[in-house]
Amino acid sequence: MALKAAPILVCGANNKKSTPYHQLGLSDFVGGRPTFLNFKIQREWECLSHRAITPVEDEIPSTPDVVAAPAQIAPAGGFHKDLNSLPKPLSAVGLFSSPNDGKRVRVAYQGIPGAYSETAALKAYPNCETVPCDQFEAAFKAVELWLVDKAVLPIENSVGGSIHRNYDLLLRHRLHIVGEVKLIVNHCLLGLPGVRKEELKRVLSHPQAHDQCEMTLNQLGVTRVSAADTAGAAQTVASEGVRETGAIASARAAEIYGLDVLAERIQDDSDNITRFLILAREPIIPGTDRPYKTSVVFSLEEGPGVLFKALAVFALRGINLSKIESRPQKRRPLRVVDDSNRGSATYFDYLFYIDFEASMAEPRAQYALGHLQEFARFLRVLGCYPMDTVL
C-alpha cells in the first residue's frame, strides 16, 4: 500500500522546525555564492542520513536460512603455498572473528585472498587488515556486528554493469556509504609453474571474467569452467595441481597461490574498471574541500512526468547526476491503479537509486532533497562521501 510521509524540514541552529524546503526560493542557490543560513551541518547530516520516511518493505530484513560453516581448504602439496595459512571467509550466519587489537583498520570484502575486492580494500586502506567473507551479505553483517570497521564491495563494472545484489543489500541494511574506490581490472591467465598457455585445456574463473576475456579464450580453444570467483579459481588450480587446468584471476592471486602468470591483460576491453563502495556503521561529516558525491534511494507515486519532476529538482540547482539505477521492489513488485471504470492497470513498483555530484554540506543539495521529498513516497540518503578521482 502507499506510504505517505511528512516533508523534511530544515534543522536550524535553535533545534526548532522551520520553513519547509519548497518555500525556499531558487534565488538562494541559482547564480552567485550560496548562503549557509546558519545550518548546523553535523546535525543536518544526521537528520538526513537516517530514514527520512517510513521504510518500504524491501528494507525489512528477512531471517536467513542456517548456513553451514565454510569447508576447510585442502592442504597444499608440492610447490604450492600453504593454503591453510590463509584466513577463512566469514559466513552470513554464525559470524565470528578475533577482536580488533586497535592497531589496524579491519576491512571486510567478498571472496578469498587474491580477489579484486581485496585489492580495492588495500587501495582504500593500504595498511588495513583484510577480512574475507563468503557472500556479500556476510560483509554487511560483519560491519553491523562490529567484527570489522569497514566493508569494500563492488557496485558496478564498466563492462558488466551494475551489481544488483549489492543495491538490494544497501536498502536492507543500515550501513552508510563513506567512500568509493575505482579499480582497473587486469585479468591474467594463470597456470601451474612450468606450464605453457598452449598446454591448457580448461580455464576456471567467474563467468563474467570468462565473458570479458572471450577473444583470448577462443584463440586458445579451451573449455570454460565456472567458479564462484576469480581468486577461488586460482586456489582450485593450485590445490588440485592439474597441469592442463588454468585460471583467470589477478596477478596478486598468482603470487598468493604460487602460480605463474602465463599472460597479462587478456581482457577484450582494456578500459575495464570496477567501482567499489566503502561502507561503515556511521556516516562521515561531509565537507566542501574536495569533490563529493551523494547517493540516495527513493520511490515515486505513479503518474505522468513524475520521474521527470524528480530529476528536475537536481537540474534546477545545477547538480550533475552521475548514476541512476532502477530496481523493482521485491516484496511488493506490482501496483494496481484504477485507470477507468472498465478496470485497473498493473504497474511495476520501482525504487530509484541516484548518485549526484554535490555535498550534503551545500545548501543546494539540501534544498534539492527537500524538494524531492514533496512528491517522493520514500526517500533515504545512503551516504555522502569524497569522489575517487585517481585510478
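Colleague: Which residues line the second largest cavity?

Modeller: Rolling a probe the size of a water molecule over the atoms shows where empty space is left. In this predicted model, the second largest cavity is lined by Phe140, Leu153, Pro154, Ile155, Asn166, Leu170, Leu277 and Leu279. Its volume is about 40 Å³.

Colleague: Which element gives the most to that lining?

Modeller: Strand β5 (150-157) does, with three residues. Helix α4 and strand β13 each supply at least two residues as well. By class, the lining of this second largest cavity has seven nonpolar residues, one polar residue and no charged residues.

Colleague: How many cavities of 30 Å³ or more does the structure hold?

Modeller: There are two. Of its 13 lining residues, Tyr167, Leu170, Ile177, Ser295 and Asp355 are the closest to its centre.

Colleague: How do the residues of that lining divide by class, and where does the largest share come from?

Modeller: The lining of the largest cavity has ten nonpolar, one polar and two charged residues. Strand β18 provides the largest share, three residues. Among the elements that supply at least two residues each are α4, β14 (292-300) and β19 (376-386).

Colleague: Helix α4 contributes to both linings. Is this helix mostly covered or mostly exposed?

Modeller: Helix α4, residues 164-172, is mostly covered, with seven of its nine residues buried. Among the buried residues are Asn166, Tyr167 and Leu170.

Methods: Residues are numbered from 1 along each chain as its sequence is written. This is a predicted model: local features need pLDDT of at least 70, side-chain atom pairs count only at pLDDT 80 or more; totals for chains, interfaces and linings use all residues. Side-chain values use heavy atoms; hydrogens and water are left out. Buried means under 20% relative accessible area, exposed over 50%, partly exposed in between (1.4 Å probe, protein chains only). Helices (H or I, at least four residues) and strands (E, at least two) are DSSP runs, numbered from the N terminus. On a 1 Å grid over the protein atoms alone, a cavity is a set of points where a 1.4 Å probe fits but cannot get out, and a pocket is an open set with protein on both sides within 12 Å along at least five of seven lines; lining residues have an atom within 4 Å of a point. Grid points are joined across faces, edges and corners, and a volume is the space filled by probe spheres set on the points. Ala, Val, Leu, Ile, Met, Phe, Trp, Tyr, Cys and Pro count as nonpolar, Asp, Glu, Lys and Arg as charged, and the others, Gly among them, as polar.
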